[in-house]
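Work through the following exercises with the sequence and the 3D structure at hand. Try each task on your own before reading its solution.

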Amino acid sequence: EWQAVETGTGNTMYSGQVTLGTTQSGSSWNLTDAARGSHKTYNLNRGTSGTGTLFSGPDDVWGNGLPSNLETAGADAHYGAAVTWDYFKNVHGRNGLRNDGVAPYSRVHYGNNYVNAFWQDSCFCMTYGDGDGNAKPLTSTDVAAHEMTHGLTSVTGNMTYSGEPGGLNEATSDIMAAAVEFYANNPQDVGDYLVGEKIDIRGNGTPLRYMDKPSKDGSSKDAWYSGIGSIDVHYSSGPANHWYYLASEGSGAKVVNGVSYDSPTSDGLPVTAIGRDAASKIWFRALTTGLFKSNTNYAAARTATLQAAADLYGAGSTTYNNAANAWAAVNVGP
Ligand code: ASN
Ligand code: ZN
């Protein structure tokens with residue numbers, strides 16, 4: 001029995017036709033990405049435990065773009081994990097979540113009509129439901145990057161998943177999800193500061209979250225306030241998501257990749273952009289070098305990211321000062 005590293009074709013639901021890392025074993029192919037830590041994608045076939053079966057078949061073409069073809073969600077999840085792996089490696093120099101060259105694995109078709117996706121430390125894996133009517137798998141690139149980033153957070157800053165640290169944990173996943181989507185530069189899924197805009201969980205075409213003005217979702221907060229640690233972590237993420245948008249793009253009205261944003265500031269002062277690459281590098285450094293910790297709250301996240309900005313760009317540099325102004329704009333001050 002011999003195995004070969006292959007490049008397959010994925011006909012995804014959310015990202016059009018993409019290249020997938022696959023493996024040929026004898027006369028069949030499977031979704032094992034040998035070039036990316038042997039990341040594997042499994043079909044749970046509506047089960048809720050174990051790994052189900054590794055996607056494999058008689059050819060190296062995966063899915064047909066429709067959710068009724070069970071390979072389609074597999075292709076999306078396999079692609080999302082690949083671009084997230086590439087982003088961490090090529091942009092941040094991190095060889096896998098634990099920096100050990102080993103990938104987590106992915107499971108799709110979890111349960112029946114299951115409208116969520118999640119990361120688990122226990123299996124070191126990401127899992128995706130098929131959504132309402134089993135017709136909208138939660139396997140878009142930004143959702144995959146969000147869940148995979150939970151795995152990165154777990155082995156680095158590990159911010160406790162409640163209170164302000166929980167909001168920062170969630171924001172870390174949204175921030176890296178946006179960065180990965182821009183990095184992937186997929187024509188069918190342009191980079192944006194929206195989370196989950198492809199999976200239509202609400203059924204009305206609106207995204208799950210907005211980073212330019214988080215309160216647009218009706219629940220998230222645009223700025224820090226003293227009680228923010230008591231709300232759901234997917235809403236207390238708002239000020240950090242807003243910091244990332246403001247730092248990346250600056251305040252005011254703007255169009256990026258055809259999407260319109262308008263980002264007001266809580267102090268009424270304008271914020272000048274440092275650019276998405278700098279904002280992402282600052283956040284990633286704070287997360288992965290011991291600056292973010294299990295009990296990091298908003299005030300500590302400001303201190304940590306400004307330390308990261310000082311390390312990368314110099315204390316008192318323009319980038320440092322604008323990163324600080326973006327924190328002031330979400331009501332996190334010294
Ligand atoms: N999709 C959710 C998340 O990653 C799942 C959860 O709340 N545990 O945050
Ligand atoms: Zn999350």
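A residue counts as near a molecule if its C-beta atom, placed from the backbone, lies within 6 Å of it. The model is predicted, so local features need pLDDT of at least 70 and side-chain atom pairs count only at pLDDT 80 or more, while totals for chains, interfaces and linings use all residues. Residues are numbered from 1 along each chain as its sequence is written, and chains are lettered from A and ligands numbered from 1 in the order in which they are written.

**Exercise 1.** Find which residues surround ligand 1, and sort them into nonpolar, polar and charged.

*Solution.* Begin with the list: ligand 1 is surrounded by Asn-116, Ala-117, Phe-118, His-146, Glu-147, His-150 and Glu-170. Next, sort them by the rule that Ala, Val, Leu, Ile, Met, Phe, Trp, Tyr, Cys and Pro count as nonpolar, Asp, Glu, Lys and Arg as charged, and the others, Gly among them, as polar. The shell then divides into two nonpolar, three polar and two charged residues. Finally, look at the elements, where helices (H or I, at least four residues) and strands (E, at least two) are DSSP runs numbered from the N terminus. Both β10 (117-120) and α2 (141-154) supply at least two residues of this shell, and the largest share, three residues, comes from α2.

**Exercise 2.** Describe how helix α6 and helix α7 pack.

*Solution.* Two packed helices are described by the angle between their axes and the distance between the axes. Axes are lines fitted to C-alpha atoms, for helices over the stretch in contact, and angles run from 0 to 180 degrees between N-to-C directions. Helix α6 (residues 276-288) and helix α7 (residues 298-313) pack at about 115°, with their axes 8 Å apart. Angles under 35 degrees count as roughly parallel, over 145 as roughly antiparallel, 65 to 115 as roughly perpendicular and the rest as oblique; α6 and α7 are therefore roughly perpendicular to each other.

**Exercise 3.** Decide whether Ser-38 and Asn-257 are buried, partly exposed or exposed.

*Solution.* A residue is buried if 20 or more other C-beta atoms, placed from the backbone, lie within 10 Å of its own, exposed if 12 or fewer, and partly exposed in between. Ser-38, in the loop between β4 (32-33) and β5 (39-43), counts as partly exposed because it has 14 C-beta neighbours inside 10 Å. Asn-257, in the loop between β14 (252-256) and β15 (259-263), has 11 such neighbours inside 10 Å and therefore counts as exposed.
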